[in-house]
Amino acid sequence: MTKMNRRRCLQLAAGAAVLGLGSGAFARAAHAAAPKKAIVIYYSRSGNTEALAKMIAEKTGAETLRLDVKEPYAPDYDDMTYIARDEVRAGARRELSTAVPDLSAYDTVFLGTPYWWGSISVPMNTFLLDHNLAGKTVAPFITSGSSSPDGALERMRALCPQAKFVEHFYVPGSRAAGAKADVDAWLGRLGF
């Protein structure tokens with residue numbers, strides 16, 4: 001993220017002086033003009049969600065945090081999907097190997113996950129159970145083989161009841177790598 005440069009700061013100060021505003025009004029104007037700090041947190045097994053995460057980070061300048069699990073899933077896709085199905089249905093958790101930083105400095109959290117059996121991925125579920133996003137702006141992005149993202153969005157909202165959710169982004173996983181224009185348009189609507 002870029003910081004407010006000296007020129008912009010001087011412009012705001014001059015504008016406040018011309019308008020006869022005190023230092024409090026200047027501070028509020030400077031804070032409003034300062035860019036918000038964002039982070040992209042995602043889990044990706046096949047690389048589709050990761051492709052979107054990289055596009056978002058590139059466009060917004062946000063930091064990224066890839067969630068990894070201590071015990072990897074089965075390498076065979078079919079085997080893995082049955083394991084994931086059973087875990088989602090059981091409300092299971094997977095221990096994360098990722099060190100999660102202090103999230104208090106971030107205003108916006110982009111949450112990326114594949115859609116698994118009517119919900120979010122188990123690693124994302126584990127992350128959200130362990131990390132409170134109260135007061136954050138949450139921008140979900142979801143990939144799927146064929147399903148709509150409704151169940152994933154519902155689960156995210158249930159796990160983050162005090163977060164402010166904004167428009168989500170969804171794309172079938174097979175189209176994720178070519179979705180840059182759509183991602184850019186979505187980010188534009190979000191003000192990035």
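Visitor: Why is Glu 63 called partly exposed?

Guide: Its relative accessible area is 38%. Buried means under 20%, exposed means over 50%, and partly exposed is in between, with a 1.4 Å probe and protein chains only. The value for Glu 63 is 38%, so Glu 63 counts as partly exposed. This is a predicted model, where local features need pLDDT of at least 70, side-chain atom pairs count only at pLDDT 80 or more, and totals for chains, interfaces and linings use all residues. Residues are numbered from 1 along each chain as its sequence is written, and side-chain values use heavy atoms, leaving out hydrogens and water.

Visitor: What makes Glu 63 and Lys 37 a salt bridge?

Guide: A salt bridge needs a side-chain nitrogen of Lys or Arg within 4 Å of a carboxyl oxygen of Asp or Glu. Here the N to O distance is 3.7 Å. The pair therefore meets the rule.

Visitor: Why does this pair tie together separate parts of the chain?

Guide: Glu 63 lies in strand 2 (residues 63-66), and Lys 37 lies in the loop between helix 2 (23-33) and strand 1 (38-42), so the bridge joins parts 26 residues apart in sequence. Helices (H or I, at least four residues) and strands (E, at least two) are DSSP runs, numbered from the N terminus.

Visitor: Is Lys 37 buried, exposed or partly exposed?

Guide: Lys 37 has a relative accessible area of 32%, so it is partly exposed.

Visitor: How do you know that Glu 95 and Lys 70 form a salt bridge?

Guide: Their side chains meet at 2.9 Å, N to O. Glu 95 is in the loop between helix 4 (77-90) and strand 3 (108-116). Lys 70 is in the loop between strand 2 and helix 4, 25 residues apart from Glu 95.

Visitor: What makes these two residues exposed?

Guide: Glu 95 has a relative accessible area of 53%, so it counts as exposed. Lys 70 is at 54%, so the label exposed holds there too.

Visitor: What about Asp 86 and Arg 85?

Guide: They meet in a salt bridge at 3.3 Å, N to O. Asp 86 has 42% relative accessible area, so it is partly exposed.

Visitor: How many salt bridges does the rule give?

Guide: The count is nine. Glu 50, Arg 66 and Asp 68 are linked in a network of them.

Visitor: How many helices and strands does the protein chain have?

Guide: Seven helices and seven strands.
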